[in-house]
Amino acid sequence: MLILIIFGTLLLAISSKIQVPFWPVPMTMQTFIVFMIAMAYGWQLSFLTLIAYLIEGAFGLPVFANSPEKGIGLIYFTGPTMGYLIGFLFATFLAGYFNFKGNILNNFIKLVLIIHNINRNLIQLKFNYPLNENLILCIFNFILLVKYNT
C-alpha cells in the first residue's frame with residue numbers, strides 16, 4: 001500500500017511539471033493522473049495518495065506546478081492553484097467511491113467539472129470576484145455535469 005502511495009505521488013509530481021503555460025494557473029497533466037489514480041486505486045487509497053501529495057508539497061518539496069518558482073511549502077497554498085489541489089481531493093473521493101462505470105471520457109469530464117467548480121468557488125471567496133459571474137459559471141458547469149451524467 002505504501003509503495004502504491006509513493007508511486008502515485010511520484011506520478012502526480014511528474015505530471016505537474018508537464019504543462020502548457022497559462023495565467024494564473026498552468027494547464028498540467030495532473031487532472032488526468034488524478035483521474036487514473038482514482039479509478040485504479042479506489043476511493044480510500046487514492047484519497048490517501050492525494051493527502052500524501054499535499055503533505056509533501058506543504059513540507060516544501062517542489063511537487064506542485066511552477067514550484068519552486070511560485071513558492072514552496074504552505075505559501076504555495078495561498079495562490080490561485082489552491083482550489084485545484086483541494087478539488088483533486090474531492091475528485092479522487094468521488095471517482096473512487098462512486099466507481100464510475102461506462103464511458104471513460106464522460107467520467108473524466110465529470111471529474112474535471114467537479115475540480116473546476118471547487119476551484120472557482122474558492123477563488124471567488126479568496127479574491128472576492130463578483131458572485132453573479134461565479135454563479136453563472138457554476139450553473140453552466142452543473143448543466144454540463146447533468147448532461148454528461150445521462
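I began with helices α1 and α3, which cross in a right-handed sense. The model is predicted, and I read everything below with that in mind.

**Entry 1: α1 against α3**

I looked up the geometry of this pair. The axes of α1 (residues 2–17) and α3 come within 9 Å, and they cross at roughly 55°. That angle makes α1 oblique to α3.

Next I listed the contacts. On the α1 side I found Leu4, Ile5, Gly8, Thr9, Leu12, Ala13 and Ser16. They meet Leu45, Leu48, Thr49, Leu50, Ala52, Tyr53 and Glu56 in α3. By class, the residues of this contact are nine nonpolar, four polar and one charged.

**Entry 2: α2 on its own**

I turned to α2, which covers residues 30–41 and has twelve residues. From first C-alpha to last, α2 reaches 16 Å. That is close to the 16 Å expected at 1.5 Å a residue.

Which residues of α2 are buried? I noted Gln30, Thr31, Ile33, Val34, Phe35, Ile37, Ala38 and Tyr41. I then checked what follows the helix.

**Entry 3: α2 against α3**

Helix α3 covers residues 43–58. I found that the axes of α2 and α3 come within 6 Å and cross at roughly 140°. I had to decide whether to call this antiparallel or oblique. Roughly antiparallel needs an angle over 145 degrees. The pair α2 and α3 is therefore oblique. The crossing of α2 with α3 is right-handed.

For the contacts, α2 supplies Gln30, Val34, Ile37, Ala38 and Tyr41. Their partners in α3 are Trp43, Leu45, Ser46, Thr49, Leu50 and Tyr53. I sorted this contact into eight nonpolar, three polar and no charged residues.

**Entry 4: Ser15**

I picked Ser15, which is in helix α1. Is Ser15 buried or exposed? Ser15 counts as buried because its relative accessibility is 3%, and the cut-off for buried is under 20%.

I also looked up what Ser15 touches. Leaving out residues up to four places away in sequence, I found Thr28, Met29, Gln30 and Ile33. Gln30 and Ile33 are themselves among the buried residues of α2.

His116 is in helix α5, residues 104–127. With a relative accessible area of 29%, His116 is partly exposed. I checked His116 against Gly83. The two are 33 residues apart in sequence, and their C-alpha atoms are 8.0 Å apart in space.

Phe90 is in helix α4, residues 82–98. Its relative accessible area is 46%, so Phe90 is partly exposed. Its C-alpha is separated by 7.8 Å from that of Ile114, 24 residues apart along the chain.

**Entry 5: the whole chain**

I finished with the overall picture. I counted six helices and two strands in the protein. Along the sequence, the pattern reads α-β-β-α-α-α-α-α.

How much of the protein is buried? Buried residues make up 43% of its 150 residues.

Conventions: Residues numbered from 1 in each chain as written. Predicted model: local features only at pLDDT ≥ 70, side-chain atom pairs only at ≥ 80, totals over all residues. Heavy atoms only, no water. Helix = DSSP H or I, 4+ residues; strand = E, 2+ residues; numbered from the N terminus. Expected span 1.5 Å × (residues − 1). Buried < 20%, exposed > 50% of the residue type's maximum accessible area, 1.4 Å probe, protein only. Axes fitted to C-alpha atoms, helices over the stretch in contact; angles between N-to-C directions. Parallel < 35°, antiparallel > 145°, perpendicular 65-115°, else oblique. Left-handed = near helix turned anticlockwise from the far one by under 90°. Contact = heavy atoms within 4.5 Å. Nonpolar A, V, L, I, M, F, W, Y, C, P; charged D, E, K, R; others polar.
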